[in-house]
Amino acid sequence: MPDISDSLQPSTAGRSLPGSALRDRGLLGRAALEALRKLNPHSLIRNPVIFTTEAVSALVTALAIEAAATGGAWGFPAAIAVWLWLTVLFATFAEAVAEGRGRARAESLRRARTETVAKRLLRPDDRSLWQPRPAAALRPGELVLVEAGDLIPSDGEVVEGVASVNEAAVTGESAPVIRESGGDRSAVTGGTLVVSDWLVVRITAAPGSTFLDRMIALVEGAARQKTPNEIALDILLAGMTIIFLIAVVTLVGLASWNGQPPSVTVLAALLITLIPTTIGGLLSAIGIAGMDRLLRVNILATSGRAVEAAGDVDVLLLDKTGTITLGNRQAAGFHPAPGIAERALAEAAALASLGDETPEGRSILAFARAQHGIAAPALPPGARIVPFSAETRLSGLDLPDARYRKGAVDAVARATGAATPPALAQAVERIARAGATPLAVAKDGAMLGAIALKDIVKPGIRERFAALRRMGIRTVMVTGDNRLTAAAIAAEAGVDDVLAEATPEEKLRHIRAAQAEGRLVAMAGDGTNDAPALAQADVGLAMQTGTQAAREAGNMVDLDSDPTKLIEVVEIGKQLLITRGALTTFSIANDVAKYFAILPAIFAASYPELQALNLMRLTSPESAILAAVIFNALIIVALVPLALRGVRYRPEGAAALLRRNLLLYGLGGILAPFLGIKLIDLALHLLGIV
Amino acid sequence: MTLLGWAQIALVLAAVLAGAVPLGRHIARVAEGRRTILHPLLGPIERGLYAMAGIDPGKGQGWQAYTLAMLGFNAAGFALLYALLRLQGVLPLNPQGVPGMAPALAFNTAISFVTNTNWQAYSGEVAASHLSQMAGLTVQNFVSAATGMALALALTRAFATGRATQLGNFWADLVRMTLYVLLPLSVVLGLAFVALGMPQTLAGAVTAETLEGGRQSIPLGPVAFQIAIKHLGTNGGGFFGVNALHPFEGPDAIATALQIWAQTVIPFALCLSFGALVGNRRQGRVLLAVMLGFVLLATGAIYAAETAGNPLHLALGLDPAQGNMEGKDLRFGQALVALFTATTTGVSCGAVNAMFDSLTPLGGLVPLFLIQLGEVLPGGVGSGLYGMLVFVLLAVFVAGLMVGRTPEFLGKKVQAREVKLAMLAALVLPATILGFTALSMVLPAALASLANQGPHGLTEMLYAYTSATGNNGSAFGGLTADTPWLDVTLGLAMLLGRFAYAVPVMAMAGALAAKPKLPEGAGTLPTHTPLFAGLLAGVILILGGLQFLPSLALGPIAEHVVLLAGKTY
């Protein structure tokens, strides 16, 4: 089993990785090679702006060669040609760098997909009778036996057995997880390792379409398709390219009225600087980097469309348990009945909880120790533990001289026949109204008091919800609790709405209702009964630990199984869209300055007086045109880190975002090239090139 | 520039805004088929028209049916007008004995009036009979304007509700806009013009003895009411060849101010109607504010350029206080000429009260650029609003991504299909204007029409195709327009500028109407703020204007810098 956990380790430091991607020399070298391969016009035609640039580069190159062959002035056309080719190359390089990271990860995943030989069962009821069969030949529906030390050959559903499985190959998490038949932990993933015991697995994936296969394809970008938004942007850019092509070509006719029309080289330079090469060159890199950012927080999106939809989400459906509150309820208070000391109640509660292995039960022991210094009591001889069960809803301890019971108030009352004093009944009522769960503690036939079990809201979650609200996103807490309890926790966590006593149907109905109002809904889920809701939601984040059905229904899988990350998904989606918009705005705004550089230069022969428009006081017509072309090429490289990292995103309202980004990328886009072109012109002049 | 001049400009614009507010509300009411105070009088006529034509005004049309009805109606209008112009010599109401028009000129003229352009390759008083003017040209003045308003209303309805399949009924919109908006305003305005001294008669020319003892024939005709709709419908086709410079067409400054009011009030009012119909009045006001801002800037630019005068003339000792008065009339003054020029080109009207050919280079650049920007500032009746909405969608799409959501406008998502159709429409202007101009600048047959050398000559040709494509109709002058090449290509330019633009816009309306209307929230791009107004203005200049900069650099800008250098052609 190859160790690939490094590349898959969920790491918070991973956020700053694009910078390191650029510092990685090996990656850059491979990207440079890949960039050259991408010059193939056949593949470049998917990008109309850069394809046009390449065609024009070829034209200018031909002109330079012709000039050199016929003894004409070839230096200027050659310089323009070089920089036009570099423009194309920088664009393909940006895409190659973005793809590079994913490719490296795909390599390590591929190593996990080693050829294994499966033990295919011949009869479903006989584990001893199996025949070896290559994993790649397994069909859906076949049963295989996997024993300790075996790799699970393909994706499947556990039909028999319980085993601990190391899923590091897929999730990067090396602690083994339990897989068992039935329930929500029955899905297993091909390529993961059974560490103990055995499983009988029914294969569910056809060869070549396992989770690991799909993951590799996604990470590599092989399955990458343009997202709706990208397509729309492509149309805009293609349209602008056509418009500027018209403007430049017709210039030949217009300029011939009074003197010679500008040379083809000059017109080519004008065209390339005007068409939106900056965003055209970076568009696909931005998309790939967005998917990659998700992957870095260990979320696998099955399509770019889902990432984009995440940015549009209006409503987040969040499960209470594990997302808003820490996994489980915890003991938070003892309420003794009249005449009972609190310490006596705590001691009794601790004894009665010895048989409760649930986190709630353990929290009672911990709380008793913390509050009253009660150590876990040693079991006296003759003691009998009554374990907690979902049917009895209580646990207890039978000592020779006393019987302790702890559990749901009605269950304890029924089991012990103890009457609940009115004061205690009031305390129970109070606890419930505050959103906590009351448990009763009884010794023999008498009620000693109540324990309040409380949901602990995750620290910091309230602030995140407030940030979401500023972004215009409503949060809805989903819980099976009764309305009273749910409302109390909702108020503490600061969610906008509550869906209490929620059944799967209820959830589905809620999603449909929100969508009917035109809202986009995101939710996280893991269980089989979450599957319909996950499929219905616009963004469905399934947990890796969840069932196969849930993983199939969602359009994203969280390998860390942390539903809170739904919030990060939304932020990454928004960041992707903002980055695209910002660079588009920047690219288009750049045109203003380029006109002031090139227009006086190209008409210098016909109308020398147009130098009045040469606001930047560029040295000569040639240097002005060359400087504009060089700026146009270099700005792509300069923006690659931004494209890969994404524009800095702050959770705030649309109005504030628009104001800041418009100022930065709109106004900045108008001003930056004035400075850049002037500096390049100065450098060209100082170096004596023109 | 003088304070008094700016006060005049402010006064006229204030009157326009004061008129646009109630008119906008009125148009919205009419568009929704609700009753207005005009209904007791005009309601029976409306119902009679529907009954005669067998139209159910309540029956909605999808975008295709609506567009086909519009195209069919305009094709029929073209055929009728063409026949009328060709046959006018043998038809009645022809006291001057005007002969029928030649095929190319009749084609050009018919297209021109059907497309609301009113490019006049003919001189009205000598080439068109009273019947042609009244039953042909004036009828088209009404219905081409109503067509534009109908299209704008159809697009407006696409934003008003979610998941709609119908955009209204073209025939009902056409009848209602004509009957309840254009006709009543024209009657009132026409009477005002008669009071101000414009002729309104079916008589022919009168002959006058001049002081030198010569004889002069002064043409008369049904002028006043044609001029009313000429401005209200942003048509611009004058009764007389020299348009509003003619004393019978522009008798005095009051009449000029009234004409400026008439040609701008409906385009501005439609913004407010839009706001009312989509249930977001602030949105309507933002569109109006952007348009008004450009009108003010353009007026200021022309006013400044013209009052600064021609440096070559000033060097000869001309009184600098007058500024450049060539081609202008003292009865209007620089301020009203500047406002008239800015609005007539801003609204695609095309009436003129000064000769553009004689403006200073920068003064002439402004009207040219205003048309090139797409006739959206504020644009022709209806066409200005739908053209502006195309820009709004592009602005929303480009910058809207920067708030981190799929861009939406008034709850409608702007996606690939809308962007494609908007770009298709946006392509029409540069392709037609620059394509035909470039072709003409190398074709000897076209160049023969040019009177001037140097950059001014280029500006003249560029202006002709710009005016035709923008459906403006104003002429720069200096161009012999009635040649087969120009008649036909300018006719095509008008056709493309109107219908090659309107059809994708209508397809866009269909696509937008079908989308759900999303609720607004804190995460939605705010489109009714001053910030968005600034963004929209930037997008209009950059996406709508940059492609024309090279042509402007070679035309008016070159002329200006060359003039400063003391060179003439």
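In this predicted model, chain A and chain B together bury about 5100 Å², and 77% of that area lies on carbon and sulfur atoms. The contact draws 62 residues from chain A and 61 residues from chain B. On the side of chain A, Leu254(A), Trp257(A) and Leu658(A) contribute 16% of the area that this chain buries against chain B, more than any other three residues.

Charged pairs also occur between the chains. Three salt bridges are counted between chain A and chain B. A salt bridge also joins the side chains of Asp314(A) and Arg405(B), with an N to O distance of 3.0 Å.

Within chain A, a pair of helices may be considered next. Helix H23 of chain A, residues 591–602, and helix H24 of chain A, residues 621–645, have axes that come within 8 Å and cross at roughly 150°. Angles over 145 degrees count as roughly antiparallel, and H23(A) and H24(A) are therefore roughly antiparallel to each other. The crossing of H23(A) and H24(A) is left-handed.

The residues that bring the two helices together can be named. From H23(A), Lys594(A), Ala597(A), Ile598(A), Ala601(A) and Ile602(A) take part, and they meet Pro621(A), Ala624(A), Ile625(A), Ala628(A), Phe631(A) and Asn632(A) of H24(A). By class, the residues of this contact between H23(A) and H24(A) comprise nine nonpolar, one polar and one charged.

Note on methods:
Residues are numbered from 1 along each chain as its sequence is written. Chains are lettered from A and ligands numbered from 1 in the order in which they are written. This is a predicted model: local features need pLDDT of at least 70, side-chain atom pairs count only at pLDDT 80 or more; totals for chains, interfaces and linings use all residues. Side-chain values use heavy atoms; hydrogens and water are left out. Axes are lines fitted to C-alpha atoms, for helices over the stretch in contact, and angles run from 0 to 180 degrees between N-to-C directions. Helices (H or I, at least four residues) and strands (E, at least two) are DSSP runs, numbered from the N terminus. Angles under 35 degrees count as roughly parallel, over 145 as roughly antiparallel, 65 to 115 as roughly perpendicular and the rest as oblique. A crossing is left-handed if the near helix is turned anticlockwise from the far one by less than a right angle, and right-handed if clockwise. Contact means heavy atoms within 4.5 Å. Ala, Val, Leu, Ile, Met, Phe, Trp, Tyr, Cys and Pro count as nonpolar, Asp, Glu, Lys and Arg as charged, and the others, Gly among them, as polar. Buried area is the accessible area (1.4 Å probe) that two parts lose on being put together, summed over both. A salt bridge is a side-chain nitrogen of Lys or Arg within 4 Å of a carboxyl oxygen of Asp or Glu.
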